[in-house]
Amino acid sequence: MQRLAAAGFTAAGAVGGAAAAVLFGGASRPSKEEEPPPSPAALARRFCPYGLPSDEHVVVKQGYASSINFRLRIPNWVAEHYSRDQSDADGVDRKHSKFRADESVPADFRATNDDYRGSRLSRGHMAPAGAHKQSQEALDETFLLSANILPQELSNNGSDWLRLERWSRGLLKEYSDVYVVSGPLFLPDDSSAASDAPPPAAASAAAAASASPAVDASAARRRPGPRRRRVAYDVIGPHEVAVPTHLFKVVLAEQTGTGERRLAAFLLPNAPVRGHPDIDEFAVPLADVERASGLTLFEELGAARHSATEVRPLCGAGAAARCGRGAMDGRIAGWKLLGHLKLAGDCSALEEAWGAVPPKTEAFGLMRRTYEDRSGTMACPLAEKRERRGDMTAVCGEDRSGAG
């Protein structure tokens, strides 16, 4: 009410002033039209100086910009900028942050915490929480479900994806600026037996031709056609939040002054990965990520972004040196054990994977439940039950504790 009253007073004063100007023979000056505020796409340029990957439902937060897919209920992409002048603020802590629905997204298209409950998937950050502690608000915004979170397999989130996040931020030791774009991919499953099956119409024609001698045999011969492949993905919760089959991360590192630029694109399955492969093993050509995602990344660099001689690769083929495993610690090794339990193909492999799980590992209770579920599925005898006193494991649907 006070603001309205103040506004009314100002307006009245303006009218009175204009009348006075006319009364005393003065001329009132036309008010200058206020410029419209910049669009989200324009504001997002500070995270995407070489062009936005797309302009669908772009939102801008303190630490990142993203494009929200209303149909899939997850981001199409999330863009970040890391620089050496960023620092963590005092008192900022993720224990004060909570996953929450993004109220700016229409309710019908909005992901909620209920969607993740019981899914056995984590709420995976695209812009990692640990990279955005410049303020509590910036950290809290990384927990917005529609803008920055998607369903991610737990062991992937806590191990290989976490290694890649840490590696990306670690580039600031050598470069002044690092630009990162992350997001989901939905790729075809080549293992599908139906992918090579003839279309129903072709199969029916072939059957009819073989049954009728009057039909020319050459017409019944199956002509090679375009190969069919199938894209299949899960959805979770009442809002049917899409579970991507893969994840991508594209990293551009720059050095102010010298103008040096290096780039790497990575593609990871949204699934357990055996062992601790070097980060280089996930590197792919940028064109592969663009083709699969339908996004154009760092477009204003032109053809140079696809040229290993103009923008040299950070990792993978053509790189000056291998990037290696990245930063490893007990947390990453622990979450990898969960992946090994899921990957076990027989009872012997399952027992071997379970035997490698220390009772004091993080999320021991979750790993025990995974072991028991897999044992039941494969009809394996259960090993002697091991307990962890005071086990405080995350429930299914939680993010990996403290990671990201």
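This is a predicted model: local features need pLDDT of at least 70, side-chain atom pairs count only at pLDDT 80 or more; totals for chains, interfaces and linings use all residues.
## Overall make-up

The protein chain has 404 residues, and 44% of them are buried. Its secondary structure comes to 13 helices and twelve strands.

The accessible surface of the chain is about 21,000 Å². Carbon and sulfur atoms account for 54% of that surface.

Strand S10 spans residues 260-269. Seven of its ten residues are buried, so the strand is largely enclosed by the rest of the structure.

S10 pairs with strand S9 (residues 246-255). The two strands run antiparallel and share ten bridges. Val251 stands opposite Ala264 of S10. S9 and S10 form a hairpin with four residues between the strands. In this hairpin, Gly257 takes a positive phi near 100°.

S10 also pairs with strand S12 (residues 312-313), here in the parallel sense. Two bridges make up this pairing. Arg262 stands opposite Arg312 in S12. A further partner is strand S11 (residues 283-284). S10 and S11 run antiparallel and are joined by two bridges. Ala265 stands opposite Val284 in S11.

## Salt bridges across the sequence

Side chains of opposite charge can pair when their charged atoms come close. A search of the whole structure finds 16 salt bridges.

One of them joins the side chains of Arg166 and Asp329, with an N to O distance of 2.8 Å. The pair links distant parts of the chain, 163 residues apart. Arg166 sits in helix H7 (residues 160-170). Asp329 sits in the loop between S12 and helix H11 (330-343). Arg166 has a relative accessible area of 24%, so it counts as partly exposed. Asp329 is also partly exposed, at 30%.

Arg322 and Asp280 meet in another salt bridge, at 3.9 Å from N to O. Arg322 lies in the loop between S12 and H11, and Asp280 in the loop between S10 and S11, so the pair ties together parts 42 residues apart in sequence. Arg322 is exposed, with a relative accessible area of 52%, whereas Asp280 is buried, at 7%. Both belong to a network of salt bridges that links Asp278, Asp280, Glu281 and Arg322.

Arg291 forms a salt bridge with Asp288. The closest N and O atoms are 3.2 Å apart. Both residues belong to helix H10 (residues 286-293). They are three residues apart, so about one helical turn separates them.

Arg291 counts as exposed, at 62% relative accessibility. Asp288 counts as partly exposed, at 32%.

## A nonpolar surface patch

Val231, Tyr233 and Val235 form a nonpolar patch on the surface. Together they have about 230 Å² of accessible area.

Tyr233 lies in the loop between helix H9 (217-220) and strand S7 (235-236). Its relative accessibility is 32%, so Tyr233 counts as partly exposed.

## Two further residues

His125 lies in strand S4 (residues 122-125). With a relative accessible area of 2%, His125 is buried. Its side chain reaches the backbone oxygen of Thr142 at 3.4 Å.

Glu372 lies in helix H13 (residues 364-377). Glu372 counts as partly exposed, at 31% relative accessibility. The C-alpha atoms of Glu372 and Leu350 are separated by 10.0 Å. Along the chain, these two residues are 22 residues apart.

Methods. Residues are numbered from 1 along each chain as its sequence is written. Side-chain values use heavy atoms; hydrogens and water are left out. Patches are made of residues with over 30% relative accessible area and no salt bridge: like charges are joined within 9 Å, nonpolar side chains (Val, Leu, Ile, Met, Phe, Trp, Tyr) within 5 Å. Accessible areas come from the Shrake-Rupley method with a 1.4 Å probe; for residues, only the protein chains shown count as cover. A salt bridge is a side-chain nitrogen of Lys or Arg within 4 Å of a carboxyl oxygen of Asp or Glu. Buried means under 20% relative accessible area, exposed over 50%, partly exposed in between (1.4 Å probe, protein chains only). A polar contact is a pair of N or O atoms within 3.5 Å; within protein, one must be able to donate a hydrogen and the other to accept it, and residues adjacent in sequence count only if both atoms are side-chain atoms. Two strands pair if DSSP finds at least two bridges between them.
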